[in-house]
Amino acid sequence: MGIYGIVQEIHSIFRYVVFILVLLAIIQSLMGWLGKSPYTQFNRKVNLFALISAHTQLLIGIVLYCVSPLVQFNSETMKNATTRYFTVEHWVMMIIAIVLITIGHSKSKKLVLPEAKHRIIFIFYTIAILIVIGALAAGKIPVLS
């Protein structure tokens, strides 16, 4: 197994860490928002770890992008669905999702009311996870398999 196979495997496995942490952040923020619960240190840490895991996945993805044979820059790239997806579509949608997670986390830190913190995390992280699921579905990559 070469460097591509190793990095691809790490990227594939680590997506579960990201998915679980972001999903946990979404669930706890929804419960906190609707239940009018305080914004605890546990809430803050889960949201932060979800953010960190997404950024770590981005770094792994950048390495994968650089070594992947599916990323190509030639006249046929946009004509082939697979190379177009991995060269352009996948990373653009994932960057958008990570930016949303980052914005949501940043905005939540500036808010004072616990309900507002929970609400902003829920909104931004939910939109981000929907984009991730849509991006994986567009590339026919199983979300959970």
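Visitor: Where along the protein is the place of K36?

Guide: K36 is in the loop between α1 (3–34) and α2. Before going further, a word on the model: it is predicted, so local features need pLDDT of at least 70 and side-chain atom pairs count only at pLDDT 80 or more, while totals for chains, interfaces and linings use all residues. Residues are numbered from 1 along each chain as its sequence is written, and side-chain values use heavy atoms, with hydrogens and water left out.

Now the setting. The protein has four helices and zero strands, where helices are DSSP runs of H or I with at least four residues, strands are E runs of at least two, and both are numbered from the N terminus. Reading from the N terminus, the order is α-α-α-α. The C-alpha trace spans about 55 × 30 × 25 Å along its principal axes.

Back to K36. Its phi is positive, about 50 degrees, although K36 is not a glycine. K36 has a relative accessible area of 58%, so it is exposed; the cut-offs are under 20% for buried, over 50% for exposed and partly exposed in between, using a 1.4 Å probe and protein chains only. The accessible areas themselves come from the Shrake-Rupley method with a 1.4 Å probe, and for residues only the protein chains shown count as cover.

K36 also has a partner: it makes a salt bridge with E115, with 3.9 Å between the closest N and O atoms. A salt bridge here needs a side-chain nitrogen of Lys or Arg within 4 Å of a carboxyl oxygen of Asp or Glu. Since K36 is in the loop between α1 and α2 while E115 is in helix α4, the pair ties together parts that are 79 residues apart in sequence. E115 counts as partly exposed because its relative accessibility is 32%.

E89 and R84 join their side chains at 2.8 Å, N to O. E89 comes out partly exposed at 28% relative accessibility, and R84 is partly exposed too, at 25%. E76 and K79 meet at 3.7 Å, N to O; E76 is partly exposed at 43% relative accessibility, whereas K79 is exposed at 61%.

Stay with helix α4 for a moment. It covers residues 114–138 and holds T126. At 18% relative accessibility T126 counts as buried. Setting aside neighbours within four places in sequence, T126 is in contact (heavy atoms within 4.5 Å) with I26 and I121. Across the protein, buried residues make up 35% of the 145 residues. Of the contacts between residues at least 6 apart in sequence, 71% join residues at least 24 apart.

Helix α2 is next, with F49 in it. F49 has a relative accessible area of 45%, so it is partly exposed. F49 and V17 are 32 residues apart in sequence and 9.8 Å apart in space, C-alpha to C-alpha.

The protein exposes about 8300 Å², with carbon and sulfur atoms supplying 75% of it. Patches are made of residues with over 30% relative accessible area and no salt bridge; like charges are joined within 9 Å, and nonpolar side chains (Val, Leu, Ile, Met, Phe, Trp, Tyr) within 5 Å. One nonpolar patch, of about 610 Å², is built from M78, V88, W91, V92, I95, I96, V99 and I103. Of those residues, M78 is in the loop between α2 and α3.

There's a positive patch as well, formed by R44, K45, K107, K109 and K110. Both α2 (41–67) and α3 (81–110) supply at least two residues of it, and α3 gives the most, with three. K110 is in helix α3, and its relative accessible area of 68% makes it exposed. For the charges overall, the mean positions of the 12 positive and 4 negative ones are 14 Å apart. Lys and Arg count as positive and Asp and Glu as negative, leaving out His and the chain ends, and each charge is placed at NZ of Lys, CZ of Arg, CG of Asp or CD of Glu.
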